[in-house]
Amino acid sequence: MNGENPTGAESEERAKRPGLPRYGLLLLVTLLSVGVQGITESTEVSAIIITGLSGAMLLLALRAVDVAPWLLRIAAVLAVGILAMSILRATAGGIGEGLARLMNAAVVAFAPPAIAVGVIHDIRHSGKIRLEAVMGVLSLYMLLGMLFAFIYGGVDQFGSEPFFAGGQPATVSNCLYFSFTTMATVGYGDFVAASDVGHTLAVFEMMTGQIYLVTVVALIVGNLGRSTPRPRAARGD
C-alpha cells in the first residue's frame, strides 16, 4: 500500500498488529456516524458534524490500509476543505443542501475501495483471516449504505421531483433508513423511490448489498482464524 512490496519479516510484523486501532476504530466511527444521521434532526450543526465524521472515516480508512503519506495528506486536505465549506454553508449560506450531500458522498466514496485493497493485502501477507478483516468488511458495508444515502439526498435536491413517493421528505435520517433497508432487502414499504432514477439506484444497492453479504462477508466470517495460502514472495521463496 505504500508503493513497496513488503518483505516476509515486514508482513509478519504487520500481521501481529492489533486490529482495534485500525479497522476497529474505523468501524466505531462509522457506527457513530450512522447514529448521528439517524437520530439527530437535519440542522446546520448536525450537517457539520456529519461532514466531519465523513472526513474522519476517509482518513481512518486510508490510515488503516497504510497508504503513502502524500496520499493521506491529499485526503486530509480534501476532508478539511469540505468541512470548511460545510461550516461556511451554516454561517453564510450560498451552498445548497444537495451539493453538501454530494460532497459527503464524494468523501465517503474513496473509503470502500481503499478498505477492499487493504483487507486483501492483509490476508495475502498474513496468511490468515483475522478479526481485523471482519471489521474491515463490515465497515465497508456500512460505508456503502451511507454512500447511497448521500446520493439519494443529492438526487432529491437536484431532481425535478421529490425522491420519495407520497410527499415523504428526503431528510438525512429518511435517506439513511431507506438506504439500509434497501441494501438489506427488508423492504418495509414506508419509503418508496418515486422516479426511474431512484428505482434504478435502489436496484443497484439491493444487488450490491446482497452479493456482498453472501460472498465477501460470508467468506470472511466462515474462514475466520483459518490459514490461507500465502504468496511466494511473502514466504520468502
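Which residues does S195 touch, not counting residues up to four places away in sequence? Leaving those sequence neighbours aside, S195 touches E161 and F163; here, a contact is a pair of heavy atoms within 4.5 Å. Welcome to a set of close-ups of a predicted model, in which local features need pLDDT of at least 70, side-chain atom pairs count only at pLDDT 80 or more, and totals for chains, interfaces and linings use all residues. Residues are numbered from 1 along each chain as its sequence is written, and side-chain values use heavy atoms, with hydrogens and water left out.

**View 1. The whole protein has 10 helices and zero strands.** Helices (H or I, at least four residues) and strands (E, at least two) are DSSP runs, numbered from the N terminus. Of the 237 residues, 44% are buried (buried is under 20% relative accessible area, exposed is over 50%, and partly exposed is in between, with a 1.4 Å probe and protein chains only). Take the contacts between residues at least 6 apart in sequence: 79% of them join residues at least 24 apart.

**View 2. Helix 5 meets helix 7 in a left-handed crossing.** Find residues 97-109 for helix 5 and residues 131-158 for helix 7; their axes come within 8 Å and cross at roughly 155 degrees. The two helices are therefore roughly antiparallel to each other. From helix 5, the contact uses E97, G98, L99, R101, L102, N104, A105, V108 and A109, while helix 7 brings L143, L147, F150, I151, G153, G154, Q157 and F158. Axes are lines fitted to C-alpha atoms, for helices over the stretch in contact, with angles from 0 to 180 degrees between N-to-C directions. Angles under 35 degrees count as roughly parallel, over 145 as roughly antiparallel, 65 to 115 as roughly perpendicular, and the rest as oblique. A crossing is left-handed if the near helix is turned anticlockwise from the far one by less than a right angle, and right-handed if clockwise.

**View 3. Helix 7 is mostly covered.** Of its 28 residues, 22 are buried. At 1.5 Å a residue, helix 7 should span 40 Å, and its end C-alpha atoms are 41 Å apart, which agrees. The expected span is 1.5 Å times one less than the number of residues.

**View 4. Helix 8 is mostly covered too, with nine of its 12 residues buried.** The buried residues of helix 8 are V172, N174, C175, L176, F178, S179, T181, T182 and M183. Helix 8 runs over residues 172-183 and reaches 16 Å from its first C-alpha to its last, close to the 16 Å expected. After helix 8 comes T185, in the loop between helix 8 and helix 9. T185 has a positive phi of about 55 degrees although it is not a glycine, and at 39% relative accessibility it counts as partly exposed. In that loop you will also find S195, which is buried, with a relative accessible area of 15%.

**View 5. Helix 8 and helix 9 cross at roughly 55 degrees, and their axes come within 7 Å.** These two helices are therefore oblique to each other. The contact is made by F178, S179, F180, T182 and M183 of helix 8 with A202, E205, M206, G209 and Q210 of helix 9. Zoom in on Q210, a residue of helix 9 that counts as partly exposed at 28% relative accessibility. Beyond its sequence neighbours up to four places away, Q210 touches M183, A184 and T185. Although Q210 and M183 are 27 residues apart in sequence, their C-alpha atoms are 7.0 Å apart in space.

**View 6. A90 sits in helix 4 and touches E44 and I48, leaving aside neighbours within four places in sequence.** A90 and E44 are 46 residues apart along the chain, yet 5.2 Å separates their C-alpha atoms. At 28% relative accessibility, A90 counts as partly exposed.

**View 7. D66 lies in the loop between helix 3 (44-64) and helix 4 (69-91).** Its phi is near 55 degrees, a positive value in a residue other than glycine. D66 counts as partly exposed, at 24% relative accessibility.
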